[in-house]
Amino acid sequence: MYSSLRRGIQTLCSRRIYLFMMVVVPLGCAFFFLNLMHEGLPLKVPVGMVDMDHSALSRRIGRSLNAGELIDIRTDIESYNAAMAKVRSGEIFGFFYIPSDFQEKALSGRTPTLSFYSNMTIFVPGTLSYKGFKTIAVTTSGGIVETTLTSAGLPENMAGDLIMPMRTDIHPIGNPWTNYSIYLSQSFLAGVMALLVLLVTSFSIGQEIKQGTSVQWLANSRGSMALALFGKLAPQSVIFISVGVAIQAAMFRYLNFPLNCSPWHIILAMVLLVLSCQAFALVITEILPNLRLSMSICSLIGILCFSIAGFSFPVDKMYGAVGIFAYLMPIRYYFLIYIDQALNGLPLYYSRVYYIVMLGMLLLPVLGLRRLRKRCLNPVYVP
């Protein structure tokens, strides 16, 4: 074991690509993404306004739009066609359209129409502009109705009750600040970590076979494939786990992400994520003991983690043949542990299945050790 570990550490120190992939890339991604999302929500989306009425009411609507925190009216546009041209060019993400004679029709009760356009091809700014526009449109509509009712002699408090007969009290569970970073940063950075673990594990084993040094690698462990893999992957595990825990500490300790459980629960999840991803990559390498093929499959699976694992789309709403793959990926169970433990603060008992599944994944490579050992003893690289 000692000679195998020494060789594994020497391999990590012999090539700078290991340091880059295991330390620089994950920490760089963490700094970039956490800094990008430090406000929690993209604010002041650039939009435009087409005011064809130029009345006191339309100017008041424009001031209300600009006072909101979601959108920022960068320019007043003279026509609908000019506004659409700016949306297509990417200068703005939407515009609010006030027709001519708006104030006259509103005060005379002839039901004017307010229109707003959002560019939904870029989802987040398009959604935020839509939300800001809709809020102002609904508020304006309610204000006009209230003015009409009070001018007809109805008391102001009664007019308000007729417009809004029921008030809602909203309590977002787990993320009351509706902070995008609390959800996206954790899932994105965990996905990056899983992708890097898959690639480095596959690369380190496939490189031995490609260069023909796998015979010497096995000889250092006296022919034991299990000891050879332990010596190679244990140093990688320590580095990946240390980097992962450091990223967790930055989020939960310094950026004050909600952590409604013991820190050891989420640290254990990171440890199991790294180990289960290594086991997953090892299974792929055992099936395809070829550097190019195994790394291609690992990179494909790692990228699919961002979409199939349920970060951005619910698994139960996917097609059955696609959704089933989500439960084969270790990152899926880390994601569920994070929601249950860190966000919802459930007792550890209710997350036990996810921990057990990730532990069970560590046993899968045992089935292919003999096949991998055979290929390591006869390293024939097929380009």
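The side chains of Lys232 and Glu208 come together in a salt bridge, with N to O at 2.9 Å; the term covers a side-chain nitrogen of Lys or Arg within 4 Å of a carboxyl oxygen of Asp or Glu. Lys232 belongs to helix α10 and Glu208 to helix α8, so this pair ties together parts that are 24 residues apart in sequence. Helices here are DSSP runs (H or I, at least four residues), numbered from the N terminus. The structure is a predicted model, in which local features need pLDDT of at least 70 and side-chain atom pairs count only at pLDDT 80 or more, while totals for chains, interfaces and linings use all residues. Residues are numbered from 1 along each chain as its sequence is written, and side-chain values use heavy atoms, with hydrogens and water left out.

Glu208 also meets the side chain of Arg7 in a salt bridge (2.7 Å, N to O). This pair links distant parts of the chain, with Glu208 in helix α8 (residues 180-211) and Arg7 in helix α1 (residues 2-14), 201 residues apart. Through shared partners, salt bridges join Arg7, Glu208 and Lys232 into one network. How accessible are these residues? Lys232 counts as buried because its relative accessibility is 3%; buried means under 20% relative accessible area, exposed over 50%, and partly exposed in between (1.4 Å probe, protein chains only). Glu208 is buried at 4%, and Arg7 is buried at 12%.

The count of salt bridges by this rule is 3. One of them pairs Glu91 with Lys86, whose closest N and O atoms are 3.3 Å apart. Lys86 is partly exposed, at 24% relative accessibility.

Turning to helix packing, α2 and helix α10 (residues 225-254) pack at an angle of about 15°, with their axes 10 Å apart. The two helices are therefore roughly parallel, a label for angles under 35 degrees. Axes are lines fitted to C-alpha atoms, for helices over the stretch in contact, and angles run from 0 to 180 degrees between N-to-C directions. The crossing of α2 past α10 is right-handed, meaning that the near helix is turned clockwise from the far one by less than a right angle.

On the surface, Ile17, Leu19, Phe20 and Val24 form a nonpolar patch with about 350 Å² of accessible area together. Such a patch takes residues with over 30% relative accessible area and no salt bridge, and joins nonpolar side chains (Val, Leu, Ile, Met, Phe, Trp, Tyr) within 5 Å; areas come from the Shrake-Rupley method with a 1.4 Å probe. Leu19 sits in helix α2 (residues 16-36) and is exposed, with a relative accessible area of 51%.

Terms used: Patches are made of residues with over 30% relative accessible area and no salt bridge: like charges are joined within 9 Å, nonpolar side chains (Val, Leu, Ile, Met, Phe, Trp, Tyr) within 5 Å. Angles under 35 degrees count as roughly parallel, over 145 as roughly antiparallel, 65 to 115 as roughly perpendicular and the rest as oblique.
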